[in-house]
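Here's a quick tour for anyone meeting this structure for the first time. Take a look at the model, then read on.

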Amino acid sequence: MSDSSKKTFALIGAAGYVAPRHLAAIKETGHELIAAYDPSDSVGVLDSYFPEAAFFTEFERFDRFLDKMIRRGRQLDFLSICSPNYLHDAHIRFGLRLGASVICEKPLVLNPWNLNALAQVENEQKGRVWNILQLRLHPAIAELKEKYEATETPIEIELTYITSRGQWYYASWKGDESRSGGIATNIGIHFFDMLLWVFGPLISSEVHIHTHDRAAGYLRLQKAKVRWFLSINSNCLPTAAKANGQRTHRKLSIAEAHFDFSRGFENLHLKSYEHILANRGFGLQSARSAIELAQSIRTSTVTTGRPEERHPLCALPLSTHPFQTSNDQHG
């Protein structure tokens with residue numbers, strides 16, 4: 001790729017868990033990271049991808065650097081956002097006002113009404129807003145969508161996603177529902193987006209559990225009825241998974257057949273960037289239905305539900321919030 005065809009990127013959230021996937025995607029698509037920002041300076045990962053990139057721990061200096069660069073005639077093409085969920089809205093606005101397009105991690109925003117305001121800003125600027133909805137690019141998920149495209153009678157689905165988290169989780173922004181959106185938003189948003197994308201729009205939703213470490217409920221979609229369960233508590237893992245030392249368990253059962261999509265995640269961020277760079281990514285409105293659903297779950301009244309509509313793991317005993325049992329750790 002010639003220098004003239006290289007796109008320029010800046011990145012917010014360089015010290016985060018997902019940042020390396022964005023850095024790798026920028027590099028593997030042949031483009032250039034010129035600046036990165038994170039309040040933490042634990043960003044040695046930059047050396048593996050863009051050691052010459054300017055780095056800032058203060059947002060004001062990052063802003064000034066990019067502003068000066070643009071005023072001197074160098075364009076910023078993309079701003080990649082890997083910051084905490086509650087900051088996405090402000091960081092997307094920042095990128096658009098710099099004249100850049102924005103590539104943002106999930107969830108794009110925490111509340112559906114934020115999308116309306118962002119759409120106004122996007123219309124006023126030259127850049128676009130793109131969301132990383134990588135499960136839509138998973139080959140097995142794409143096959144599912146094609147398989148059930150013509151389905152008329154709703155099929156029975158059971159979704160289980162358990163990804164174990166330690167005590168650090170509750171001391172971080174992720175354990176604060178006002179910042180992360182809680183379990184349904186923080187770890188469930190991609191799966192809700194996938195279900196809505198494959199099986200059609202939401203008809204109704206019930207919430208059967210919603211605590212600090214798990215959430216569960218029942219969805220009626222156009223083409224499916226879904227019992228779902230999400231958790232960050234390792235005690236919810238199946239016995240076999242625990243015996244194998246697994247920390248994560250994904251299971252999607254469709255019409256009583258087990259569908260395995262535990263593999264194939266490795267290059268999905270790269271695929272997402274390739275689609276975005278070809279102007280075929282998923283924009284503001286693509287993110288809406290899953291954000292609306294997650295926000296609805298977050299604010300819904302918990303109900304008992306009919307036994308046949310409750311996920312089997314709803315029967316597990318609930319755990320005490322760590323802040324109630326580990327005060328010595330958290331002051």
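What volume does the second largest pocket have? About 200 Å³. Keep in mind that this is a predicted model.

That second largest pocket has a lining of 14 residues, and Lys7, Gln75, Asp77, Phe78 and Ser101 are the ones nearest its centre.

Now for the largest pocket, with its volume of about 1,200 Å³. Here 46 residues make up the lining, and Tyr17, Val18, Arg21, Lys106 and Lys174 sit closest to the centre. Several elements each give two or more residues to this lining, including helix H3 (88-97), strand S7 (155-163), helix H9 (189-199) and strand S11 (248-254). Helix H1 gives the most, with 5 residues.

Away from the pockets, let's turn to a pair of helices. Two packed helices are described by the angle between their axes and the distance between the axes. For helix H4 (residues 112-124) and helix H12 (residues 288-299), the angle is about 145 degrees and the axes are 8 Å apart. On the H4 side, the contact is made by Pro112, Trp113, Leu115 and Asn116, while H12 brings in Arg288, Ile291, Glu292 and Gln295. Sorted by class, the residues of this H4 and H12 contact come out as 4 nonpolar, 2 polar and 2 charged.

Methods. Residues are numbered from 1 along each chain as its sequence is written. This is a predicted model: local features need pLDDT of at least 70, side-chain atom pairs count only at pLDDT 80 or more; totals for chains, interfaces and linings use all residues. Side-chain values use heavy atoms; hydrogens and water are left out. Axes are lines fitted to C-alpha atoms, for helices over the stretch in contact, and angles run from 0 to 180 degrees between N-to-C directions. Helices (H or I, at least four residues) and strands (E, at least two) are DSSP runs, numbered from the N terminus. Contact means heavy atoms within 4.5 Å. Ala, Val, Leu, Ile, Met, Phe, Trp, Tyr, Cys and Pro count as nonpolar, Asp, Glu, Lys and Arg as charged, and the others, Gly among them, as polar. On a 1 Å grid over the protein atoms alone, a cavity is a set of points where a 1.4 Å probe fits but cannot get out, and a pocket is an open set with protein on both sides within 12 Å along at least five of seven lines; lining residues have an atom within 4 Å of a point. Grid points are joined across faces, edges and corners, and a volume is the space filled by probe spheres set on the points.
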